[in-house]
Amino acid sequence: MAALSFTGIEALFTPRADANALRIGQPAPPATLVGFDGQRITTSELLGRVVILTFWATWCGPCREELPLLSAYAAQHAAEGLTVLGFALDSPEGDLAKVRQIAQSLSFPSGLLAHATLPGYGRIWRIPVNFTINRQGVLVDDGWTDKDSTWNAARLERIVTPLLNHSGTAP
Amino acid sequence: MPNHNLGLQFGVKLPTGHYGTAVNFDNGPNTGSPLDASLQAGTGSTDVILGAYYYQAVSQDFDMFANVQFQSAVAHKQDQPGNDFRPGNSETFGIGLRYEAHPNWIPQVQLNVYHKSPDQGALADTTDTVGTVAYISPGLTVQVLHKLHAYSVIQVPIYSNLDGYQLFPHWTATVGLSYSL
């Protein structure tokens with residue numbers, strides 16, 4: 001019990017800033033990617049673009065299957081205003097060479113997620129999981145409430161392509 | 001990290017504790033005679049321990065885990081006719097939930113079932129060493145430092161079916177520290 005004093009007993013009763021606060025139709029919580037090249041990209045800087053946040057790991061088979069498709073789609077639609085940010089959940093003590101190798105094969109930037117929790121998005125408890133934000137910064141697809149948020153061609157066409165066809169402006 | 005893990009465990013228990021005639025009653029009517037084999041610190045046996053565990057996140061805030069373990073003596077030093085002892089096999093099964101909403105303090109509850117077969121041999125008290133017990137075990141893990149965690153578990157029996165006369169605690173508590181490299 002003495003250990004509680006180290007972390008602060010008030011933490012027991014403080015609402016978590018990192019909890020899942022996602023609501024479809026509401027502004028998406030800001031997320032920052034620190035890429036393997038050191039570049040910081042924050043979603044709040046991407047207003048006017050359609051943004052996909054995708055979470056993957058080298059040990060995640062379904063992720064490895066969807067990444068090439070997503071990479072190709074991202075390259076194909078970048079000029080139309082699509083940005084994909086990849087968050088890798090591999091351990092910093094793991095095989096980073098392999099993580100970097102996969103990241104370099106993708107058309108979009110990726111970086112390690114420092115913790116398994118992303119503020120506003122909650123604990124990333126299963127992958128692959130994806131979140132889609134429209135040009136106004138509003139969440140339009142919540143990977144937690146979508147039972148299968150893994151990308152396939154039909155799903156990209158249904159969710160993302162219509163957003164790219166709208167040249168909406170930032171609020 | 002959010003994933004599911006399946007692991008296998010293998011261990012060996014060595015016959016390091018005192019057993020046999022090394023520990024005798026030092027008073028009372030049995031002064032000088034060996035303590036009951038099942039009450040001694042050691043068994044004189046070499047045991048193999050096999051186990052497996054499974055861990056998976058099941059929702060944003062909850063993880064589940066399960067484990068099984070089997071222990072069996074494969075060699076025993078007390079093996080002379082009329083002076084032999086082999087501890088009974090034991091099996092343990094556990095299943096639990098961890099509440100992961102707060103990374104710094106993680107409550108958990110688990111159900112454990114333990115079964116032990118009777119000890120064998122002339123020195124064994126075969127009628128008083130077999131039984132099954134189920135425990136409910138609430139616990140808490142607290143992050144003290146970056147890689148240092150303190151944990152505490154209280155084990156409360158909710159079912160017992162023990163043959164003969166056996167020592168059986170009303171509850172037990174475990175407190176410890178763990179450091180992840």
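From the N terminus on, chain A runs α-β-β-β-α-β-α-β-β-β-β-β-α-α. That comes to five helices and nine strands. Both are DSSP runs, numbered from the N terminus: helices (H or I) have at least four residues, strands (E) at least two. The model is predicted, so local features need pLDDT of at least 70 and side-chain atom pairs pLDDT 80 or more, while totals for chains, interfaces and linings use all residues. Residues are numbered from 1 along each chain, chains are lettered from A and ligands numbered from 1 in the order written, and side-chain values use heavy atoms, without hydrogens and water.

Start with chain A as a whole. It has 171 residues, and 49% of them count as buried. Buried means under 20% relative accessible area, exposed means over 50%, and partly exposed lies in between (1.4 Å probe, protein chains only). Chain A exposes about 8300 Å², and carbon and sulfur atoms supply 56% of it. Such areas come from the Shrake-Rupley method with a 1.4 Å probe. Now take contacts, meaning heavy atoms within 4.5 Å. Among those in chain A between residues at least 6 apart in sequence, 71% join residues at least 24 apart.

Next, one residue. A:Ile102 lies in helix H3 (residues 96-104) of chain A. Its relative accessibility is 10%, so A:Ile102 counts as buried. Beyond its neighbours within four places in sequence, A:Ile102 touches A:Trp56, A:Thr58, A:Arg64 and A:Leu67.

Now the rings. A pair of aromatic rings is described by the distance of the centres and the angle of the planes. Rings of Phe, Tyr and Trp (its six-membered ring) pair if their centres lie within 6.5 Å; planes under 30 degrees apart are stacked, over 60 edge-to-face, and the rest tilted. Over all chains, this gives six aromatic pairs. One of them joins A:Phe131 and A:Trp144, edge-to-face, with 5.6 Å between centres and 70 degrees between planes. A:Phe131 sits in strand E8 (residues 129-133) and A:Trp144 in the loop between strand E9 (139-142) and helix H4 (153-159), so the pair ties together parts 13 residues apart in sequence. Both A:Phe131 and A:Trp144 are buried. They also belong to a cluster linked by ring pairs, together with A:Phe55, A:Phe87, A:Tyr121 and A:Trp125.

Chain B has a pair too. The centres of B:Phe62 and B:Tyr99 are 5.1 Å apart and their planes meet at 55 degrees, so this pair is tilted. B:Phe62 lies in strand E3 (residues 62-76) and B:Tyr99 in strand E6 (residues 90-99), 37 residues apart. B:Phe62 is partly exposed at 34%, and B:Tyr99 is partly exposed at 29%.
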